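Please open the model in a viewer and keep the selection tool at hand. The stops below are arranged as a short tour.

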Amino acid sequence: MIHQSFTSTGEAGRPRADCSRQNLRNVSPFIVGATALALAGCVPAPTRPVAGAGAEPAAVAPASASAWTPAMQMDVRRVSNPRLSPSGRHVVFEVATADLDADRWSRQLRVASADRAGDSGPLVGCEDCRDARWGADDGLLFARATDDAGLERVFAVQVKTGDRRPVTPAAARVGWYEPSPDGAWVAYTTLEQPASGAARWQLHAVSTTNGAITSWDIDASAGEFAWAPTSDCIVVVYQPAATLDWRGKFLTLATLSDGAVTRLSTGPGAAWLPQFDTRGRRIAFVASPGAATWMRDAELRVLELDSNAVITLAATPDRNVDLLGWHPGGEALLGLEYEGSTRRLVEVPLDGGPAHYLGPSDRSVREPHAVGDRLAFVSERWNKPPEVFVGELPSLAGRIVSSVQPDLRAPLGQTEVVRWTSSDGIEVEGLLTYPVGYREGARYPLLVRLHGGPPFPASDGFIGGTFMTAYPLAAIAAAGFAILQPNFRGSAGYGRTFRHALHGDWGGQDVRDIMAGVDAMIAGGVADPERLGIMGWSYGGYLAASVLTQTDRFAAASIGAGMTDLSTFADSTSLGGMLADWLGDGRGDSAALYRERSPLARAESVSCPVLVQHGTSDSRVPIDQAQRFIAALARPGAEVEFAPYAGGHGPRAPRAVLDVLERNLRWFARQLRPVAASPRIGQAPGTGPDAPGRFPVLVRKRAPIVSLTDYEFPLQDYGEWLSFVDKSEDAAWRGAAMRQLVDEQTFHRYRDRATVAAHRLAYRSDGLTINGFIVAPKRCDPRCPVVLFAHGGVAQWGRITFFDVLEMHRLAERGYIVLASALRGEGGSEGSPNLGAGDRDDMIRLLNVAAHIDGADTTRVGLWGFSRGGALGYRVLAATDAIDAAVLVGARSDFVNSERRAEFHEHVYPGVVDDYEADEDAALRALSATYWPEKLAAGTSVLLLHGANDSRVPVGDSLQMATHLARLERPFRLVVPARGSHTLIEHQLQVRKHLDDWFDQHLKGAGRHARQP
């Protein structure tokens, strides 16, 4: 059994196990007494000792057919907003299912019996309704939905027949609503946007019988008001303007008969979450003990309306309580707060007696709703997805009354509470998820997942869900990772002192708590110290970045929506005053603290690969926080992948959620999994040196093709090749690196045309003869996808290099037909060099060439462009939707604001850029994809590769394009290799891998989208 204890100051003590603790051995939080057996089918998880030190490392296991995947996690339904009917006999609740085809959450209201298990099915006639409220009896429901014009309204729904009618007038956005106890009125808020000034929520009440509307001139909080039991007035939380800064809230009373508004006296601090008692003479509410702060101290108070007396009740264990309502007898209030990782119901007597928890200690209570002594709530466990439960006070033994989840029987990684001692001797707690198939004595890669807030702790919810997480915990465990979720200093659930310990110390003691936990996992034998990863969102993203700047022990990281430059964050966030509450106002000493605790200031110390994910319209943590950090990270040597997505502070649309989940899993699997030997180039079935083959024969109309001749290698001996590269001015081209990229066996295979055939090509474009190349497998069975190559440089600097040709050979051996254009005026082609419509048309004409090659599959086309060729690639993608996948390396997207514009103006642009002499800026904008990203073909999947130290085209060009593509919800990926130059030659093996994987996925594999020839 787990005991609970309170300190003399009212703070919660840690749950203590009766059994002795060895290393990390703990009683599982899910081993409970008989009262918990009402959780239907939930078998208590046994305590698991952590393996001893010195164990051999375990490989990351490949997911089996029955293993959890991010896609499976999307099948888990979100359950929310249970509401008991006035009689307490029925429960209405909401179920949201991911519809990936429509990219929306399909919502459904369901009604279940509160007395027996088994969901009675969806509410008829209210498809896609949400936020249900009961009327005055069990026969009527109210629900919010969108009308035929796409505007929000509240509807009245007959439970038995499904008949519904609109109650509120149509509005662009309805914030919240509540029917009056007698059912005669519906109060609701709408977001009003005046012609000038800030948006504001305004409160209204509409008669359910005649549609008469009463409105109050008040800035109401979006969802915090409550009716008096007499249905004649409403207590409203006043919150100036539509802001996320909640610290100025206070209570007002809005009277229905005369439209009057009266401010209520509630004592010092902010006030929120009000509730009338059953007689309407008292109002309970939550208040800050003094000035409200983002450290979220909260206590319960009661206002006596007759005397205006305010009573402050005893402090709750965590001093961070939310109000549920009045105890049925009226002698106490019921609240919710965290005890460790569990969200629990707490009872606070009105007579000043101490607060105490209700119900079993292992069960989180989410979104409770009470009628009398009966409580409906959502609950889940690490191994059980969310369902609706109903229980009676005070035991809350509970019974499950819904059954909405799919039958997902894949094994889960066992999860339990673990504890360790931090650097200053304080005990810290967290959740440890073991990898599926865990073997005691083996070490596993460990991912540390950091929660946000900072007060929002890691909680004991279902690890296979997607609610409020960017990390697919079940799929990560199925892939062979252990996961540690530490509740570091600053977390709620461990008392006010523990939470306030982070005041003035972001990136300090919390980092030490985390690293002590990592050390404990290593000492306990679970974690492989050479394979550590870290990930976090929001404050967790900030903290992950902070950890990386203070230690080099992590091999990979994922940072989501994290603050990285605290000074600019403070000036731009919509979370008004949040940073000032934690770290000071940014003036004087706190200004130095902002700089010191900003990960951006120490980005040069980060060396591991970093995935950065961020919403393009995030108002809480603006995306420039990610962009600044990426630029700083990439310069000194960290590999960076940037994955912006269209949306706000967290992914919401199902496709975005799935992409974030999958991307994180792929990232850590790639970075922490032992690298397997790659298949030998040229040994794919049907392409080996002994395979019968032929060059794809031109069998149809030859109109676009002028000539086709065999390509002869300019170097006949491998020694000549080495001598050639050793003379290069670029050190990266010399010596061992190039021997690795092109070894002697590969050189001779290409030269002897053992597996592929290479031809020089001449074709027609706008009446000009353009030179180029065709490099293709000797056999396509039956057809090979096509890749178009666009070279770098322009005019006298523009050419297809011998190394380019070697890379074309390598792609051809992988089963691609590669077509390259020398472009007009370059490489012996007719015409004058051109940056504009001319070189774009030369590239697009290669599609006509491909259409006349036997064996070329023109329904599967890729584009690969480097430098100028990458910028050209953007223009090709704006002119045709025939390209399925593009890889653009070091591509300029903004010619207008180029740091080298003056240099190019003198030596390059005049004479080669269309209309340059007439209007320089307009001509350069026409070349710059950042000014017209919406023109790019929506169906093309784009991989952007850009060197962090690119001195010719700044990495910001690709960062900017990635942000545009995310905003437009286009399929893309950005990779920034560490210390990469413009050519990325020093990362050529990595570049090859990214290019191969991208084309294989989108031209051959599951990522390919169907397109007709």
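Begin with the open sheet of 4 strands, whose order is 28-29-30-31 with antiparallel pairing (strands are DSSP runs of E with at least two residues, helices runs of H or I with at least four, numbered from the N terminus; two strands pair if DSSP finds at least two bridges between them). Strand 28 (366-371) and strand 31 (399-400) are the edges; each has a single partner strand, so one side of each lacks a neighbour in the sheet. This is a predicted model, in which local features require pLDDT of at least 70 and side-chain atom pairs pLDDT 80 or more, while totals for chains, interfaces and linings use all residues. Residues are numbered from 1 along each chain as its sequence is written, and side-chain values use heavy atoms, without hydrogens and water.

Next, select strand 29 (residues 374-381), which pairs with strand 28 in the antiparallel sense over 4 bridges. Within strand 29, Val378 is the bridge partner of Arg366.

Then select Arg343 in strand 26 (residues 342-349). Arg343 counts as buried because its relative accessibility is 18% (buried means under 20% relative accessible area, with a 1.4 Å probe and protein chains only). Its side chain makes a polar contact of 2.8 Å with the side chain of Asp322 (N or O atoms within 3.5 Å, one able to donate a hydrogen and the other to accept it).

Finally, display helix 4 (residues 509-523) and helix 5 (residues 539-550), whose axes come within 10 Å and cross at roughly 75° (axes are lines fitted to C-alpha atoms over the stretch in contact, with angles from 0 to 180 degrees between N-to-C directions). The two helices are therefore roughly perpendicular (65 to 115 degrees).

Notes:
Parallel < 35°, antiparallel > 145°, perpendicular 65-115°, else oblique. Buried < 20%, exposed > 50% of the residue type's maximum accessible area, 1.4 Å probe, protein only.
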